[in-house]
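Dear colleague,

Please find the structure below, together with its sequence. A summary of the findings follows.

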Protein chains: 2
Amino acid sequence: MGGDIGARVMVAGAALARHRHEGFQFLFVGNETEIKEALKSHPNLSAASEILHAEDIVSGDAKPSQALRGSKKTSMGMAVGAVKSGEVSAAVSAGNTGALMAISKLALRTMAGIDRPALAALLPTMKDSDVVMLDLGANAECNSRNLVQFSVMGAAYSRIMHGFEKPTVKLLNIGTEDSKGTGALQVAADALKNSDGLAMDFQGFTEADKISTGEVDVIVTDGFSGNIALKALEGTARFVTDLLKRSFLSSLRSKIGFLISRPATELLREHLDPNNHNGAVFLGLNGVVVKSHGSADEKGVANAVEVAARLVEDSILERISEDLDKISSVTPLEAAAK
Amino acid sequence: MGGDIGARVMVAGAALARHRHEGFQFLFVGNETEIKEALKSHPNLSAASEILHAEDIVSGDAKPSQALRGSKKTSMGMAVGAVKSGEVSAAVSAGNTGALMAISKLALRTMAGIDRPALAALLPTMKDSDVVMLDLGANAECNSRNLVQFSVMGAAYSRIMHGFEKPTVKLLNIGTEDSKGTGALQVAADALKNSDGLAMDFQGFTEADKISTGEVDVIVTDGFSGNIALKALEGTARFVTDLLKRSFLSSLRSKIGFLISRPATELLREHLDPNNHNGAVFLGLNGVVVKSHGSADEKGVANAVEVAARLVEDSILERISEDLDKISSVTPLEAAAK
């Protein structure tokens with residue numbers, strides 16, 4: 001029921017995902033009338049779908065604490081509840097991010113060995129593959145333990161989404177020298193450097209101007225800096241494309257040039273289109289919950305559904321656990337706490 | 001002597017600034033032979049110039065602690081020393097930022113009422129005027145007191161550069177609701193909200209995707225987040241323009257379109273050109289020190305020189321002091337410490 005458009009685009013996205021993957025089955029949670037109406041446009045989907053009616057919704061501006069109250073009756077709460085009960089393998093929501101995090105954390109609990117879950121997403125780069133970045137805002141303040149755990153979770157996510165055996169991992173910092181940044185970053189870097197046999201290639205620090213170059217597979221940071229970086233990226237991409245549009249409209253000559261070079265600007269739009277990179281994931285919980293962007297279209301929703309399916313099929317939880325075991329057997333993480 | 005090009009571009013930039021402002025006088029600090037050679041190309045400048053020979057330079061990769069040792073013999077150390085002695089009104093350097101900060105802090109000391117200086121810069125926006133942003137990396141960790149002081153310094157800088165009587169000021173956060181972000185941010189926001197008579201219009205929190213919209217005149221943050229945001233902006237601007245270039249080269253048709261719309265892309269390049277926004281400033285010291293970008297051309301250097309001159313002419317130090325007095329008479333800042 002969440003997002004800018006609601007049930008209609010979620011059902012259309014599911015239909016698109018189902019078109020690509022015959023085995024997918026859906027439980028739509030929300031207002032039954034709206035969902036039935038939306039399903040009419042997708043007759044092939046109905047056979048693979050069930051509806052779970054929810055009386056209430058979590059509003060877009062509800063605070064996490066508000067969302068937790070009465071969550072048993074909201075579509076978001078009931079969808080996450082279906083993951084908890086095992087009725088479904090994963091939940092996808094386009095609703096309020098903070099509320100989804102709070103509800104998921106309470107219902108699913110964090111995995112053994114993980115102190116706090118993190119929000120991870122795929123961001124576009126100059127290279128062919130996206131970069132995994134986390135935490136993007138779930139935890140405003142993080143200690144070194146959190147950063148080490150986020151690295152393990154991010155690497156597991158990258159192994160599944162990129163298919164690399166040992167993805168490269170770097171911590172976001174304000175310089176690449178060992179002495180840069182906060183104590184938490186330095187302790188986390190030491191802990192990762194001194195762990196053997198991890199399913200990642202830890203390469204130290206990186207800076208925010210390298211996020212889009214694609215020089216690394218996974219970038220790890222605290223939720224405050226991650227959110228700042230993500231929004232700075234979004235804002236600047238919009239800023240530059242708006243400036244470009246304005247420049248193109250500045251004279252008749254450039255208008256003509258724009259029309260002729262349209263395929264080029266379309267290519268740019270396609271590469272930056274958030275719908276092609278949709279599906280932010282809450283990592284570190286006992287279950288798979290994917291956050292679809294509120295403004296995602298059906299292609300974006302289908303992408304989010306596919307991300308959820310891959311994480312389930314490729315056993316994201318087991319992969320995280322395996323690496324956590326290796327870290328704790330090598331490094332006394334307690335000593336690494338800030 | 002600093003920056004990618006060294007003495008030649010600094011002298012050329014000074015010549016350009018002098019061409020625009022007849023009253024400017026220069027003391028060039030560095031290798032006398034190189035400076036004399038560079039001055040040959042600018043005969044009109046020589047009459048308004050003196051040279052102070054320095055035996056040594058601070059290298060681009062020197063750590064601040066290294067730069068401090070023997071700084072009496074380096075061009076950077078001697079230039080800042082000339083500000084301290086009152087021989088010059090301001091220093092402009094294109095060298096190592098961390099070293100310049102350390103040397104300036106030690107030589108000039110922080111102003112009364114300021115705990116820590118901050119690095120401020122002007123960034124391009126969708127509107128006609130740039131946004132002032134600080135701290136951009138001088139202080140990796142900040143408490144609420146620092147953030148309040150940065151707000152006062154940023155507002156004073158904006159009053160001089162923008163000419164606004166009461167510039168709008170916001171704190172960078174991961175959401176705009178009062179409850180968002182760290183305790184330091186919340187305490188700082190309260191302190192600014194509850195201060196009367198400040199020469200600023202404090203408007204609460206903003207997010208990183210609003211930096212480039214120009215909706216606010218001054219954005220204040222800690223040095224870690226500020227550096228992350230600044231580098232994310234730079235990296236994304238490069239990413240989008242590179243993608244655009246690549247798209248334009250993807251077919252003959254778009255190549256032709258590109259040639260025709262060249263004035264538009266030139267306009268974009270001009271708007272984003274760092275040389276038009278050059279001149280990062282260390283605020284909060286007993287003297288004016290401006291950091292010119294290492295890759296700035298002569299136009300960029302002239303810009304940095306003009307920023308330095310305006311800060312001196314418009315008495316930046318007095319303006320900061322005035323507002324600090326108002327804050328401390330209204331809010332017990334001690335109570336606002338993190």
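**Chain A: overall form**

In chain A, 71% of the contacts (heavy atoms within 4.5 Å) with a separation of 6 or more are made by residues 24 or more positions apart. This is a predicted model, in which local features need pLDDT of at least 70 and side-chain atom pairs count only at pLDDT 80 or more, while totals for chains, interfaces and linings use all residues. Residues are numbered from 1 along each chain as its sequence is written, chains are lettered from A and ligands numbered from 1 in the order in which they are written, and side-chain values use heavy atoms, with hydrogens and water left out.

Chain A contains 14 helices and ten strands; helices (H or I, at least four residues) and strands (E, at least two) are DSSP runs, numbered from the N terminus. Its radius of gyration, taken over C-alpha atoms, is 21 Å, close to the 20 Å given for 338 residues by the globule rule, so chain A is as compact as a globular protein of that length. That rule is 2.2 Å times the number of residues to the power 0.38. The C-alpha trace of chain A spans about 60 × 55 × 35 Å along its principal axes.

Of the 338 residues in chain A, 57% are buried, that is, under 20% relative accessible area (1.4 Å probe, protein chains only). Chain A exposes about 14,300 Å², of which carbon and sulfur atoms supply 49%; the area comes from the Shrake-Rupley method with a 1.4 Å probe.

**Chain B: the sheet**

Chain B has an open sheet of eight strands in the order 3-10-9-4-5-8-6-7, with mixed pairing; two strands pair if DSSP finds at least two bridges between them. Strand 3 (90-93) and strand 7 (201-206) of chain B are at the edges with a single partner strand each, so one side of each lacks a neighbour in the sheet.

Within this sheet, strand 5 (residues 131-134) and strand 8 (residues 218-220) of chain B run parallel and are joined by three bridges. Val132(B) has Val218(B), in strand 8, as its bridge partner.

**Cysteines**

The whole structure holds zero disulfides over all chains, a disulfide being a pair of cysteine sulfur atoms within 2.5 Å. The sulfur of Cys142(B) is 18 Å from that of Cys142(A), its closest cysteine sulfur, which is too far for a bond. Cys142(A) counts as buried, at 12% relative accessibility, and Cys142(B) counts as buried at 12%.

With kind regards

Definitions and conventions:
Buried < 20%, exposed > 50% of the residue type's maximum accessible area, 1.4 Å probe, protein only.
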